[in-house]
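I opened this entry to keep track of what I looked up, site by site. My notes follow the structure.

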Amino acid sequence: MAENFNQHSDVSAADLARLSQEAKSEATPSTARIIWDEFKADKPAMVALVIIVGFILFVMIASLFINTPQMMQTDIMNYFDKPGTDGLLLGADSGGRSVAQQLIVGSRNSIGIALGLTAISSTFGICWGLIPGYYSGYIDWGMQRVYDFMMMLPMTMMIIVLVTIIPHYNAITLTLIFSIFYWEGTSRLIRSRTLAESQKDYVAASKTSGTSNLKIIFREIMPNISSLIIVDTTLSFAENIGVETGLSYLGFGLPPQTPSLGTMIANANDPNNITQYWWTWLPAALEIIILCLSISYIGQVIRRAADASQRQGAAD
Amino acid sequence: MSLITIQNLKVHYPIRSGFWNRVTDEVPAVDGISFAIEAGETYGLVGESGSGKTTTGKSVVGLEKVTSGSILYQGQDITQKANRRRLNYNRDVQMIFQDSLSSLNPRKRIEDIIAEPLRNFEHLSKEDEKLRVLQLLDIVGLDADALYKYPHQFSGGQRQRIGVARAVATNPKLIVADEPVSALDLSVQAQVLNFMKKIQREFGISYLFISHDLGVVRHMCQNIAIMNRGRLVEIGTRDDIYNHPLHIYTKRLLAAIPETNVAQRAAHRASRLAVERIYQEQRAKYYDDDGKAYPLVAVSPTHSVALPAALAHQLAQEEVQREAQA
Ligand SMILES: Nc1ncnc2c1ncn2[C@@H]1O[C@H](COP(=O)(O)OP(=O)(O)OP(=O)(O)O)[C@@H](O)[C@H]1O
Ligand SMILES: [Mg+2]
């Protein structure tokens, strides 16, 4: 059959290198390049990106040099030290423990849990949306009933109960427990877009090209809803920082000897702390606000990059 | 033996409604049609919007779940998925889609789009594959620099060419071309039709050419079937359909072809109005009590029309006499 094509086209093997070279020079820029251009065109988003990346790196590395059990020991001499005294940059709390060090370790714990939770719940939610949306029929029906059942459960209460009955839990078990309950929103969102996307002719064309269903779902349809996935994932990440912090604040998150942003904000439960000893809770609260704002800025830029008509970055 | 034989094909879409989401009714998009496509020919399927042409075409490539009837290819009924897989059916039967933009994945480069059937059916080496893609682009008249671009960077006519290149990639025996040019302007239409013909000559491909425009079909097809609300109302050769139409629906479609000759415009308009008047007055004669088309009856070896047998033969007789007088 190859002869058939050779016969009817002037293009031959000899031209191959030259032609693909020519085509390369005309090629549209890669996705990474487009996203980078988009960041360069949007200064606030660039600042947000630097803040997030710099902060996460700093927290991850700095926490390696902190001995947590030692840090969490009560030191009565430093009781509510003001910021800057006794060599404590952000002062100390009621136990005389360094707020700055707790902030670093606490951020590492909170961000780590949020990252893990986002990775697990979004992956699961995306699959649980793509598959029923593509297949419809019985598979869709079955998977939707599981979804309905999970939606019916009172989430916060279930988490509190699970945390109470599991004897020894740590950051990893906590992440897994959260993950059971945080995939539903993503799944419903992805399913509705997949339903619409599956009707398009390029899916039909892939079928007649002999591509398997799984490949169509993950290699053809998924890239087309990537902007939705990216925005949803960044927003869930911001939200998930809140999930852990919220529960730790209530006392049902990480164990008390493990610092987290939530346990630090819980210092604000004491009216004295709110007015007099503001340095015990304010840094953690500010950090959360800055993190969440930055993340949503970054999410916006990536969405614009994914959607050609909204781009602000330099055209090619 | 025919390349492909369609026998009493029916595709009914369920309509779900009510509290239990039960099937309460059906849309008979295709309602019992039969025809056969020979190797190397272009078979025209013509009808107004919503008459079920796309549904028929999609059934032929195996994209639609058919309600009943069969489609025979190499003696096997390819409405069964297992048969399609065993025959590697889609290597031999491909489709060009009506909407060229939606049929190309916006996230894939042209190279990957055209190479998709090759990767699944032919397993060429990287070099051979790229060479084949470049040859295909050349055959449909696109430059090599299209290779790494995305579909939205092309015009409608260029996109349709990409669709053709993908359909031709595995050197199929039949291509279902679903209104390949209806979204294009006249000069581009002619270009695309011409290279489709050229490809057909060079590769010996058959087309099932779907269109709502008898003007376009005239230049492409040897045999034509006229479709009306899910049924065929007339089948014949090009001569049968254009010069001796029997069914009123065919006559209306013919009258709807725009007349480009200014001198004959008035006469054309008069004949169109005459056909319209007959249609309004005699509709009951041409359709059964439910407003559906009758089964086909043959009036000559090539020509069949969906009318009661007596009426069909009477009309055919009149047609012969009219011809003799002229
Ligand atoms: N998925 C579907 N579900 C329900 N009804 C459908 C579906 N697809 C098509 N139909 C109906 O079937 C009928 C035939 O549709 P089809 O797309 O085959 O028409 P067509 O002849 O290709 O029209 P056009 O010239 O506009 O493309 C229409 O009445 C349409 O509403
Ligand atoms: Mg159609």
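I began with Glu179(B), which is buried at a relative accessible area of 6%. My cut-offs, with a 1.4 Å probe and protein chains only, are under 20% for buried, over 50% for exposed, and partly exposed in between. I am working on a predicted model, where local features need pLDDT of at least 70, side-chain atom pairs count only at pLDDT 80 or more, and totals for chains, interfaces and linings use all residues. Residues are numbered from 1 along each chain as its sequence is written, chains are lettered from A and ligands numbered from 1 in the order in which they are written, and side-chain values use heavy atoms, with hydrogens and water left out.

I placed Glu179(B) in the loop between β7 (174-178) and α7 (186-203) of chain B. Helices (H or I, at least four residues) and strands (E, at least two) are DSSP runs, numbered from the N terminus. I then checked the backbone: phi of Glu179(B) is near 40°, a positive value in a residue other than glycine.

Ser49(B) puts a polar side-chain atom 2.5 Å from an oxygen atom of ligand 1. For Lys53(B), I noted 2.8 Å from a polar side-chain atom to an oxygen atom of ligand 1. Thr55(B) has a side-chain N or O atom 2.5 Å from an oxygen atom of the ligand.

**The magnesium ion**

What coordinates the magnesium ion, ligand 2? I found Thr54(B) through OG1 and Gln98(B) through OE1, at 1.8 to 2.4 Å. The pair links distant parts of the chain, 44 residues apart. Thr54(B) sits in helix α1 (residues 53-61) of chain B, and Gln98(B) in the loop between β6 (93-96) and α4 (110-121) of chain B. Donors are N, O and S atoms within 2.8 Å of the metal (3.2 Å for Na, K and Ca); water is not among the atoms, so the site may look incomplete. Thr54(B) is partly exposed at 24%. Gln98(B) is partly exposed too, at 33%.

**Pocket and cavity**

A cavity is a set of points where a 1.4 Å probe fits but cannot get out; a pocket is an open set with protein on both sides within 12 Å along at least five of seven lines; lining residues have an atom within 4 Å of a point. Points are joined across faces, edges and corners, and a volume is the space filled by probe spheres set on them.

The largest pocket holds about 2,300 Å³. It is lined by 48 residues, and the closest to its centre are Tyr135(A), Ser136(A), Lys207(A), Leu63(B) and Lys65(B). I sorted the lining into 18 nonpolar, 20 polar and 10 charged. Here Ala, Val, Leu, Ile, Met, Phe, Trp, Tyr, Cys and Pro count as nonpolar, Asp, Glu, Lys and Arg as charged, and the others, Gly among them, as polar.

I followed up on Tyr135(A), found in helix α6 (residues 99-135) of chain A. Tyr135(A) is partly exposed, at 31%.

How many cavities of 30 Å³ or more are there? I counted one. The largest cavity has about 40 Å³ of space. The elements giving two or more residues to its lining are α11 (201-208) of chain A and α4 of chain B. α11(A) gives the most, with three residues. The lining includes Tyr202(A), Glu220(A), Asn105(B) and Arg166(B). It divides into three nonpolar, three polar and four charged residues.

**Other spots**

I also checked Gln74(B), in the loop between β4 (68-73) and β5 (76-77) of chain B. Its phi is positive, about 50°, although Gln74(B) is not a glycine. Gln74(B) is partly exposed, at 46%.

Last, I looked up Thr186(A), in helix α10 (residues 184-198) of chain A. Thr186(A) counts as buried, at 5%. Thr186(A) and Ile126(A) are 60 residues apart in sequence, with 6.3 Å from C-alpha to C-alpha.

Definitions and conventions:
1 Å grid on protein atoms, 1.4 Å probe; cavity = no way out; pocket = protein on both sides within 12 Å on 5 of 7 lines; lining within 4 Å. Polar contact = N/O pair within 3.5 Å; in protein donor to acceptor, adjacent residues only side chain to side chain.
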